Amino acid sequence: MATRNLINLEAGHKAFDIRPLLAGVSLGVNEGERIGIVGRNGGGKSTLLKVLAGEEPLDSGRVAHSGELRFGTLTQNDTAPANATVREVVLGDLDEHEWAGNRRIREILLGLFGGFNEELFARKFHSLSGGERRRVNLAKLLISDLNLIFLDEPTNHLDVEGVAWLAGYLKERRDLAILVITHDRWFLDEVAEQTWEVVDGEVLAYDGGYSAFVLSKAERARQEKVEATKRNMLIRKELAWLRRGAPARTSKPKFRIDAANTLIENEPPIRNATQLLNFAQNRLGKTVYELHQADIEIAGKKLLQDIYWNVGPGDRIGIVGVNGAGKTTLIRTLLEEIPVAGGKLVTGVTVKPAYLSQHLEELDPTWRVLEAVEKVATRVELGDGTELSASQLCEKLGFSPDAQWTPVGDLSGGERRRLQLTRLLMDSPNVLVLDEPTNDFDVETLTSLEDLLDSFGGSLLVISHDRYFLERVCDRFVGLLGDKTLRDLPGGIEEYLALRFAQEGQEINSKPAAKQSNSVQSREARKELQKVERQMAKLQEKKRELESVQASAGSDHEQLMVFMHELTIVSNELEALEERWLELSELTDGLSN
C-alpha cells in the first residue's frame, strides 16, 4: 500500500530582515517517516518546523496539509494553562477507567513517571522543575491521538534514562511520523531514518541517522572534490570517531564500511593518549584528587557514604546518575566549594581547576565578545603543543570574526554559555570540570568543542545527559545510583542503564517471551563485544609500539625483520578481531530492534 503524504512544502521562501532562512525549499513528510533536523543555531531549523505546522507564514510558496493529518508539537518552552494540574495537562478530562484500561497510556506513564504518581499529578504545572515539565508535555503529546509529532529539542532536561526510554518508545510507535530537532546525536541515531540539514537557506536530505549523515556528508565533499576546509576536517574527524571510537557509537554501522574505511584510512586517532598523559603529568604531577572514605552531604542530607575515589592526571571521566544523587555536589566537593562531611579529600598542589556550572556568569553587557575573552588572557596553551590566540579559540567555539565584536548584552543563552566556556579555557586550567556543558549548543558547535577537548592536556570531569558527548570525550565512567555509592562503570553508559532498570524492577522478566530471548542474546553479544573491544585496544597499543620501535631500528636488518614479523602477527590478529567486532555489532543492532 502506498504511503500517504501528510505535509507538502512547495518552493517555500522565508526571511527575517534580509537573511533568507528558507530559499525556495520543496519537501514532503509522509506517514511513518522519522526525520532528524540538524543545522547551526539560528539557521532556520525551528522556523522550518513552524512553517510545516502552519504556525509561521511563508513569504512565498505553499504548505499543504492532508485531510488525514493529526499533529502535535513539543516546543522548547514548556507551557500549560494557568493553574492547571499535572493530571489536567496529561490526561485532560479522561476518567480513570479510560486511561487505566489503555495499555499505551499506562506504558507512557510508567516510562516517564514510573506509573501514575498521585502526588505529582496533583501538583500545579507551574511549580514543576524543567525536567518535570518536559516529561509532562511529552506525556501529553504521546497520549494524544496523532499521526505526526514535531519535537523541538525533546531531550532537554531529560536524564540519560529518560532519553533512552523516549528513544525506545518512539522506535516502537510505527504509527507516528516524527520530525525532531535535537543536538543529541545518540538520540538522532536511535530514532531518525532520514536527516535534514538546514544550511544557507537550503534543506539537504540524507538517508539514515547522525552516523550515516556524517558519512554521506564527508563522501559528498570528497566526490565533489571540495577543499579540506576546517569544517570538512571536523566532519572527517567525527567520522573517524564513529568508526573507531567508543563502542556505543560504532555499534550501528548503517553506512557502507568500505566507503567509511576509504574516507578515514589516513585519519589519525582522535586523541594521542600517550602524549596527552605525559603532558598532564608534567602539569599536574601524580596527584589530582583523592577521596578517602569520604562522606558527602548537602543541607544535612547524606548523598554519598564511605567513598574512595581517585582522579589521576589525564583522566577523562564521565559522571552519570540519578537526579538528586549528588553528581554536582560531588564535583563541588572536589573543588572545595563544599567540605567533606567525613573522611578526607586530598588535592594535588599543582591543581588549577576551571568549573563550567549550569549557571551563567554575569559579565559587563557592554563588553565585546573578544574583549571579554582577552580580559582573561590573549593566548592559551591547551596541550600537545596546541597554542591558540583568544580570537582563534573564540572561532573554534562558534564565534566568527564578525561575531567576536558582538556586545555581550546581545548574546543568546547558548552564546553566553559558549563565551563562559571560552573564558574558562583561556585561563589555562589543568583540570576542567563541565556540568551539563552541551545545553543550548548546536551539533556543529558540539563537534568543535569535542575537537578542542581532544587536545586538552589535563584531567576532565563531565556531568551530562548527552550520551554521545560523554562517550566521545570521556574514557572512563562512574555512576551514582542514589544508594550512597559511587560505582565504576567499565561497561559505560549501557552498564549504568542496565543497573538502573534492574534497580527499578524493569528487568527482562517483565518483557514478552520473544523479547526476553532477544534481550538475553543481546546481553551476551554485548559482553563479548566489550571483551573484543578490550582485546582490540591492547593490540592497537601494541601495534603502535611496534611501529615506533620499528622506525627506530634503522639499518639493523635482523632486528627490523623481527619487528616486522611481530607486526604482521599483531595486524592479522587485529583484523580477525575487527571482523568479529562487526559481526557482533550487527547482531546486537538486530536484536535490539
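Predicted model: local features only at pLDDT ≥ 70, side-chain atom pairs only at ≥ 80, totals over all residues.

Biologist: How many helices and strands does the chain have?

Modeller: There are 22 helices and 20 strands. Both are DSSP runs numbered from the N terminus: helices are H or I with at least four residues, strands are E with at least two.

Biologist: What share of the residues is buried?

Modeller: 51% of the 593 residues. Buried means under 20% relative accessible area, with a 1.4 Å probe and protein chains only.

Biologist: Now strand E18. Why is it largely enclosed?

Modeller: E18 spans residues 459–463, and five of the five are buried, so the rest of the structure largely encloses it. In a regular strand the side chains alternate between the two faces of the sheet. Here Ser459, Leu461 and Ile463 are buried on one side, and Leu460 and Val462 are buried on the other.

Biologist: Which way does E17 run against E18, parallel or antiparallel?

Modeller: Parallel, with five bridges joining E17 (residues 431–435) to E18. Strands pair if DSSP finds at least two bridges between them. Val433 stands opposite Leu461. From E17 the chain passes through helix H18 (residues 443–453) to E18, a right-handed β-α-β crossover. Right-handed means that, with the strands pointing away from the viewer, the path from the first strand over the helix to the second runs clockwise.

Biologist: And how many bridges join E12 to E18?

Modeller: Four, and E12 (residues 316–321) runs parallel to E18. Ile319 has Ile463 as its bridge partner.

Biologist: Switching to Arg418. Where does it lie?

Modeller: In helix H17, residues 413–426. Arg418 is buried but has no salt bridge, and its nearest side chain of opposite charge, Glu415, is 4.2 Å away. A salt bridge needs a side-chain nitrogen of Lys or Arg within 4 Å of a carboxyl oxygen of Asp or Glu.

Biologist: What lies 3.1 Å from a polar atom of its side chain?

Modeller: The backbone oxygen of Leu397.

Biologist: Last one, Leu393. Buried or exposed?

Modeller: Buried, at a relative accessible area of 0%. Leu393 sits in helix H16 (residues 390–396). Beyond four places in sequence, its contacts (heavy atoms within 4.5 Å) include Val380, Thr422 and Leu452.

Conventions. Residues numbered from 1 in each chain as written. Heavy atoms only, no water. Buried < 20%, exposed > 50% of the residue type's maximum accessible area, 1.4 Å probe, protein only. Lys, Arg positive; Asp, Glu negative; His and termini not counted. Polar contact = N/O pair within 3.5 Å; in protein donor to acceptor, adjacent residues only side chain to side chain.
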